[in-house]
Amino acid sequence: MGTRRCISCCCWGCCTPGPAAGRKGWRRRGPAFPLDFTAVEGNMDSFMAQVKSLAQSLYPCSAQALPHDLRLHLLHNASVTCNDGSPAGYYLKESKGSRRWLLFLEGGWYCFNRENCDTRYDTMRRLMSSREWPATRVGTGILSSQPEENPHWWNANMVFIPYCSSDVWSGASSKSEKNEYAFMGALIIQEVIKELVGKGLSTAKVLLLAGSSAGGTGVLLNVDRVAEQLEEMGYQGIQVRGLADSGWFLDNKQYRRTDCIDTITCAPTEAIRRGIRYWNGIVPERCKLQFKEGEEWNCFFGYKIYPTLRCPVFVVQWLFDEAQLTVDNVHLTGQPVQEGQWLYIQNLGRELRNTLKDVTASFAPACLSHEIITRNHWTDIQVKGTSLPRALHCWDRSLHESNKNGKAPLKGCPIHLIDSCPWPHCNPSCPTIRDQFTGQEMNVIQFLMHMGFDVQKMAQQQGLEPSKLLGMLSSGN
């Protein structure tokens, strides 16, 4: 018989044939060195291709050792719960070789009184209870384990924290005879951190607290608290950072004012004002000190809390966010928009752009959409020729460099990316829009005309020929 070669790898090392066939069978070679990609620099894409090639060559024997699913862990501390008193929890996929941890806060609006919380419980129970959560989840976008879908974070330890507190991750009140529902969003995050320390977080170099929508706002409200918690537990060496996606809302004036009846019709300021009392919501102390007592609701708005944060935060925000337009009572139902609505939409983009001008790390495409970082297509969106994963990688590197020797951000690696074109979907890499009646895809010109866009009038306002304006729209300038 020919010599047998073993290529089966285990998490602790590799199996190799014994010194003499048949004597001791297989013996173990020493433990594999841990792979740490935190400080990888230079040509990252080439490096990733090599790692992918190696992974594929070992795939037949390593597939079982590298599960792609995140597994559910309900919190051991049963007093920290979802709205209905069922235990809160988190989904985890460990990556033994990595010292980077990504914790993702799920979004999903909120409720701010007994009546609309009851409605939410009847219609969206999984956002208020853990009783029907599946045992596993597949990570997508920045939570994906596939390098093609997640070029720079695929190897991190992934944690998905389901949203079941309906309080924008700010609450600190338990269920009682007086309170029909618990609101414990802030406490859930703290409890998850405590449990993860025993699962390897204690040796982390970087913890990225990410979130989308209400989860994005939750990042802004909790990132400094997570850093403080880890410091108090004795883990000062962990660099805590934030990634807030679609959670940078404006407390602007609604297009058409409506009474505060439910989540959708209520102006954001009024909804949060009522919610913070109902949830016993807590905000970071540094932000709280900027406002009078009873005005803590201001800290739920990104441009007001951001200057008070100590941890570095990367802000991802569509300039024409669908959730923002919804609470502002601009409903794009397929009917041509009125001129007042159109001017309001354009002004929203300008206002949002202005609030991001002093944000060091930001990615703001001129698109009509909501949420991005857990979408499969998150790698496709570009601002000024740079994709979001690339911008995040540049941010990673700039933080690594500044920690090392105080250098400025690297040349050719931008981290402040804000579209300057003035209309929704004037960026050609925006997600596809479909006609909600026919289901057909629309390009930017079809979309704008569908909304009642008057090319002649708009060209006149911009001092352009109509043909020149259409050419600019087509190319995304």
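Which cysteine does a disulfide join to Cys 82? The close-up views below, taken from a predicted model, begin with that pair.

**View 1. The disulfide of Cys 82 and Cys 164.** Cys 82 is joined to Cys 164, with an S to S distance of 2.2 Å. This pair links distant parts of the chain, 82 residues apart: Cys 82 lies in the loop between strand 4 (69-74) and strand 5 (89-93), and Cys 164 in the loop between strand 8 (157-161) and helix 4 (185-197). The torsion about the S-S bond is about -80°, so the disulfide is left-handed. Both Cys 82 and Cys 164 are buried.

**View 2. The disulfide of Cys 111 and Cys 117.** The sulfur atoms of Cys 111 and Cys 117 are 2.1 Å apart. The link of Cys 111 and Cys 117 is right-handed, with 95° about the S-S bond. Cys 111 and Cys 117 are both buried.

**View 3. Helix 5 (residues 214-232).** The 19 residues of helix 5 should span 27 Å at 1.5 Å a residue, which agrees with the 27 Å between its end C-alpha atoms. Helix 5 bends by about 45° at Asn 222. Of its 19 residues, 16 are buried, so helix 5 is largely enclosed by the rest of the structure. Just after helix 5, Gly 234 has a positive phi of about 95°.

**View 4. The surroundings of Thr 308.** Thr 308 lies in the loop between helix 8 (302-305) and strand 11 (313-316). Thr 308 counts as buried because its relative accessibility is 8%, under the 20% cut-off. Leaving aside residues up to four places away in sequence, Thr 308 touches Asp 224, Arg 286, Cys 287 and Gln 290.

Terms used. Residues numbered from 1 in each chain as written. Predicted model: local features only at pLDDT ≥ 70, side-chain atom pairs only at ≥ 80, totals over all residues. Heavy atoms only, no water. Helix = DSSP H or I, 4+ residues; strand = E, 2+ residues; numbered from the N terminus. Expected span 1.5 Å × (residues − 1). Bend = angle between axes of the 7 residues up to and from the residue. Buried < 20%, exposed > 50% of the residue type's maximum accessible area, 1.4 Å probe, protein only. Contact = heavy atoms within 4.5 Å. Disulfide = S-S within 2.5 Å.
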